Amino acid sequence: MAKNKDVVMSVQGLTKVFKSGILNPEYTVAAKDISFDIEKGKIISLIGESGSGKTTVGKLILKLINPSEGKIIYNGKDISEIKEKEETKQYYRRVQGIFQDPFATFNPLYRVDRVFDLIFDSFDLDYEDKDQAIREALFDVNLNPDRTLGKFPHQLSGGQLQRLLIARALLMDVDVLIADELISMLDASTRIGVLNLLVESCKKHGMAVIFITHDLNLGYYISDHSLIMYKGRLVERGDTKKVYENATHPYTQMLFEAVPEIGERWDPDEEFLPEQVVQDVKEFYQENQGKGFVEIEEEHSVLFSDK
Ligand SMILES: Nc1ncnc2c1ncn2[C@@H]1O[C@H](COP(=O)(O)OP(=O)(O)O)[C@@H](O)[C@H]1O
Ligand SMILES: [Mg+2]
C-alpha cells in the first residue's frame with residue numbers, strides 16, 4: 001500500500017457469521033477476514049456476485065449489524081463502541097448509505113422535501129440559508145429544485161430519487177457513502193448520469209464512496225480501487241487499472257470472461273457460479289498453499305490460498 005494515504009476509515013479483519021434456525025442452526029460465513037482502508041475522496045468498488053458478502057460489508061460499516069470478529073476504525077475509534085444515542089447520531093451524520101431501491105427510503109405519504117427537513121432538524125448543519133443550500137445541492141446533482149421540491153416520491157423517477165439522496169449526502173458533507181447496487185434499478189440512459197455525478201461529487205467534496213456492484217464494467221468505470229469478493233472472502237484488490245489489466249485470482253478472471261455487453265443488465269438476484277470456477281479456485285488454492293494474501297505488484301494483492 002502506498003504511503004501518505006488520507007485514510008478516513010479502516011476495516012480490519014471483519015468477519016460476519018449469520019446463524020439461522022434454532023433446533024438445527026445453520027451458520028453462514030457471509031464475510032471473512034475482510035480488511036481495507038477507505039481513503040478521502042476515493043471510490044472503492046466492492047465487486048462480486050450475488051451472495052458473495054458485499055451487502056454484509058456495507059451493513060457492517062453502517063452499523064446495521066455487528067461483526068462476529070474484527071473491527072472498523074473511524075476517527076481512531078472502534079465503531080462497535082459507539083452506543084450512546086448522540087454519538088450514534090453523529091456517526092450517521094458522516095456515514096450514510098444509499099440502497100438499490102430508493103423508494104424504500106422515502107415515506108410515500110410525505111413530500112420529498114422531508115428528507116432535507118429531517119437532516120436539518122437532527123443535525124447542526126452549518127448553512128446560513130437552509131433553502132438556498134438545498135437548492136444548490138439539488139443543482140449540484142442536476143435536479144431542478146422547482147420541479148423536485150414539493151413533489152411526492154411517486155412523482156419522481158428512481159434515478160431522480162437517488163440523485164436526491166446524493167444531494168442529501170452532499171449537504172451533510174458525509175465522509176463515507178455506501179452505495180449498494182445504486183443504479184441497478186435505473187434504465188441505461190439514467191445510469192451514466194448518476195454514476196458521473198457520484199464521481200464528480202466524490203472528488204469535489206472529498207467524499208469517499210463504497211460502490212457495491214456485481215457488474216465489473218461499472219466497477220472499472222467508476223472506481224479508483226477495486227475489491228473483488230468471492231464467497232465472503234476478499235480475493236483480489238488494488239488499484240482498479242491494475243486489477244483489471246492483470247487479474248490473477250481465478251474468480252476475478254472468470255468475472256472478466258462473464259462480463260456482459262456494455263449496457264446489458266444483469267439480474268442482481270441471479271446466482272451465477274459455474275462448477276468450473278469453484279473447481280478452479282480450489283486448485284489455485286492448493287497449488288499455492290501457505291502463500292495467503294500476497295502483494296503481486298504495488299497496489300495490487302491477491303489471495304493465493306485460503307488458510
Ligand atoms: N440476516 C441474514 N441471515 C442469514 N444469512 C444471511 C443474512 N444476510 C445475508 N446472509 C447470507 O450471507 C451471504 C452474503 O449475503 P450478502 O452480503 O447479502 O451478499 P451480496 O450482497 O454479495 O449479494 C449470503 O449467503 C446470504 O444468504
Ligand atoms: Mg447485496
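Within strand β4, Tyr-74 is the bridge partner of Met-9. Met-9 also has a bridge partner in β2, namely Ile-38. Helices (H or I, at least four residues) and strands (E, at least two) are DSSP runs, numbered from the N terminus, and two strands pair if DSSP finds at least two bridges between them.

The model is predicted, so that local features need pLDDT of at least 70 and side-chain atom pairs count only at pLDDT 80 or more, while totals for chains, interfaces and linings use all residues. Residues are numbered from 1 along each chain as its sequence is written, and chains are lettered from A and ligands numbered from 1 in the order in which they are written. The chain averages a pLDDT (the predictor's confidence in each residue, from 0 to 100) of 90, and 93% of the residues score at least 70. Confidence is highest in strand β4 (residues 69–74), at 98, and lowest in helix α7 (residues 188–205), at a mean of 84.

**Sheets**

Five residues lie between β1 and β2 in their hairpin, where Gly-21 in the turn has a positive phi of about 85 degrees.

A second open sheet has eight strands in the order β6-β7-β8-β3-β9-β10-β12-β11, and its pairing is mixed. β6 (95–98) and β11 (293–297) are at the edges with a single partner strand each, so one side of each is left without a neighbour in the sheet. On average, neighbouring strands of this sheet are turned by 20 degrees against each other, direction ignored. β7 (residues 176–180) and β8 (residues 208–213) pair in the parallel sense over five bridges, and Ile-178 stands opposite Ile-210 in β8. β11 and β12 (residues 300–303) are antiparallel, with four bridges; here Glu-295 stands opposite Ser-301 in β12. The hairpin of β11 and β12 has two residues between the strands, and Glu-299 takes a positive phi near 60 degrees.

**Helix packing**

Two packed helices are described by the angle between their axes and the distance between the axes. Axes are lines fitted to C-alpha atoms, for helices over the stretch in contact, and angles run from 0 to 180 degrees between N-to-C directions.

| Helix pair | Angle | Axis distance |
|---|---|---|
| α6 (residues 158–172) and α7 | about 5 degrees | 10 Å |
| α10 (residues 250–257) and α11 (residues 275–287) | about 150 degrees | 9 Å |

Angles under 35 degrees count as roughly parallel, over 145 as roughly antiparallel, 65 to 115 as roughly perpendicular and the rest as oblique. α10 is therefore roughly antiparallel to α11. Their contact (C-beta atoms, placed from the backbone, within 7 Å) involves Pro-250, Tyr-251 and Met-254 of α10 with Val-277, Asp-280, Val-281 and Phe-284 of α11. The residues of this contact divide into six nonpolar, no polar and one charged. In this classification Ala, Val, Leu, Ile, Met, Phe, Trp, Tyr, Cys and Pro count as nonpolar, Asp, Glu, Lys and Arg as charged, and the others, Gly among them, as polar.

α6 and α7 are therefore roughly parallel to each other. On the α6 side the contact includes Gly-159, Gln-162 and Arg-163, and on the α7 side it includes Leu-197, Leu-198 and His-205. By class, the contact of α6 with α7 has five nonpolar, six polar and one charged residues.

**Ligand 1**

Which residues are around ligand 1? They are Phe-18, Ser-20, Thr-28, Ala-30, Gly-48, Ser-50, Gly-51, Ser-52, Gly-53, Lys-54, Thr-55 and Thr-56, where a residue counts as near if its C-beta atom, placed from the backbone, lies within 6 Å. β1, β2 and α1 (54–61) each supply at least two residues of this shell, and α1 gives the most, with three. The shell has two nonpolar, nine polar and one charged residues.

Notes: Two residues are in contact if their C-beta atoms, placed from the backbone, lie within 7 Å.
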